[in-house]
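Hi,

Here is the structure I promised to pass on.

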Amino acid sequence: MRDGRADVLGENGIIMEYYGAMVDILLNNQYYAKTLFLVVFSLVVLLLIHSTAVLLLYSKDAVKMFKEMSRIPLFGKRIFIFCVGFVAPYSVSTSPRIEKLTYDGAAITCKQHRYIENPFRSIHLAALVNLGELAVAIPVISNLNRFKARAIPISVSSKFTKKSTGLITVVSDVRNLSSLLSEKKGKDSFEYEAVAQIINSKPE
């Protein structure tokens with residue numbers, strides 16, 4: 001019995017010794033932990049300062065804002081989407097990701113998830129229309145702000161031939177809008193039809 005108790009005590013002693021050594025190492029590395037914290041904190045502060053500066057400089061030009069924020073690794077495009085959602089919350093309710101944005105158009109992707117599904121396990125029509133409207137609206141508004149013009153949507157139409165599942169890409173094309181705005185600057189109003197195409201990775 002004494003030998004058995006000695007073995008048990010010996011194991012506990014080793015375990016306590018091990019944890020004691022771990023605590024000692026952590027205490028000795030407090031300097032490195034503080035340094036790491038300061039580095040991460042500084043990076044977050046710089047990221048916020050940069051984002052704020054971009055917002056102030058390009059608040060009326062989403063294309064330039066997107067270009068500047070895309071330079072931020074990992075989080076740049078997410079911050080841009082957050083800014084869009086702050087201005088127009090419903091427009092980002094589908095969790096879109098902007099892959100490309102210029103004055104000529106945009107490319108937006110969206111993965112199928114539960115909150116945009118219909119009862120048939122495909123992407124809801126309203127969600128697709130919302131993505132199409134977002135892909136058109138951002139470049140159109142950016143062009144309008146460049147020429148100090150204003151516009152209001154008067155109609156939205158859509159045509160779908162297949163179910164949409166998986167990853168979808170929405171591509172808009174407004175290449176002739178800037179030239180029209182330049183020609184008609186200061187003249188009477190005119191109607192403009194913007195088109196967005198939805199591309200499905202898994203059409204059914």
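Start with the hairpin: β1 and β2 are joined by one, through two residues. Bear in mind that this is a predicted model, so I took local features only where pLDDT is at least 70 and side-chain atom pairs only at pLDDT 80 or more, while totals for chains, interfaces and linings use all residues. Residues are numbered from 1 along each chain as its sequence is written, and side-chain values use heavy atoms, with hydrogens and water left out.

β1 and β2 run antiparallel and are joined by five bridges. Two of the pairs: L101 has A106 in β2 as its bridge partner, and K100 has A107 in β2. On to the next strand: β2 and β3 are also antiparallel, with five bridges between them, and I108 finds its bridge partner V170 in β3. Strands count as paired if DSSP finds at least two bridges between them.

Put together, four strands make an open sheet, ordered β1-β2-β3-β4, with antiparallel pairing. β1 and β4 (195-200) are at the edges with a single partner strand each, so one side of each has no neighbour in the sheet. From one strand to the next the twist averages 15 degrees. α5 lies across β1, β2, β3 and β4, and runs at about 35 degrees to β3. For those angles, axes are lines fitted to C-alpha atoms (for helices, over the stretch in contact), and the values run from 0 to 180 degrees between N-to-C directions.

The whole chain has six helices and four strands, in the order α-α-α-α-β-β-α-β-α-β from the N terminus. Those are DSSP runs numbered from the N terminus: helices are H or I with at least four residues, strands are E with at least two.

How much of the chain is buried? Of its 204 residues, 29%, where buried means under 20% relative accessible area, exposed over 50%, and partly exposed in between (1.4 Å probe, protein chains only). β2 is mostly covered, with six of its seven residues buried. The accessible surface of the chain is about 15,100 Å², and carbon and sulfur atoms hold 61% of that; the areas come from the Shrake-Rupley method with a 1.4 Å probe, and for residues only the protein chains shown count as cover.

Now the packing. A nonpolar core here is a set of buried Ala, Val, Leu, Ile, Met, Phe, Trp, Tyr and Cys residues joined through side-chain atoms within 4.5 Å. The largest one has 26 residues, and F80, I98 and L101 touch the most other members. Two or more residues each come from α3 (62-69), α4 (76-87), β1 (97-102), β2, α5 (125-146) and β3 (167-173). α5 gives the largest share, six residues. There is also a second, separate core of seven residues, with L144, V174, L177 and L181 among them.

Some close-ups, leaving out residues up to four places away in sequence and taking a contact as heavy atoms within 4.5 Å:

- I98 touches F66, K77, F80, I81, A107, I108 and I138.
- E99 lies in β1 and is partly exposed, at 34% relative accessible area. Its contacts are F66, K77, A107 and T109.
- S164 is in the loop between α5 and β3. Buried or exposed? S164 counts as buried, at 7% relative accessibility, and touches S122, I123, L128 and N200.

Looking at the chain as a whole, of the contacts between residues at least 6 apart in sequence, 66% join residues at least 24 apart.

Last, confidence. pLDDT is the predictor's confidence in each residue, from 0 to 100. The chain averages 79, and 77% of the residues score at least 70.

Cheers
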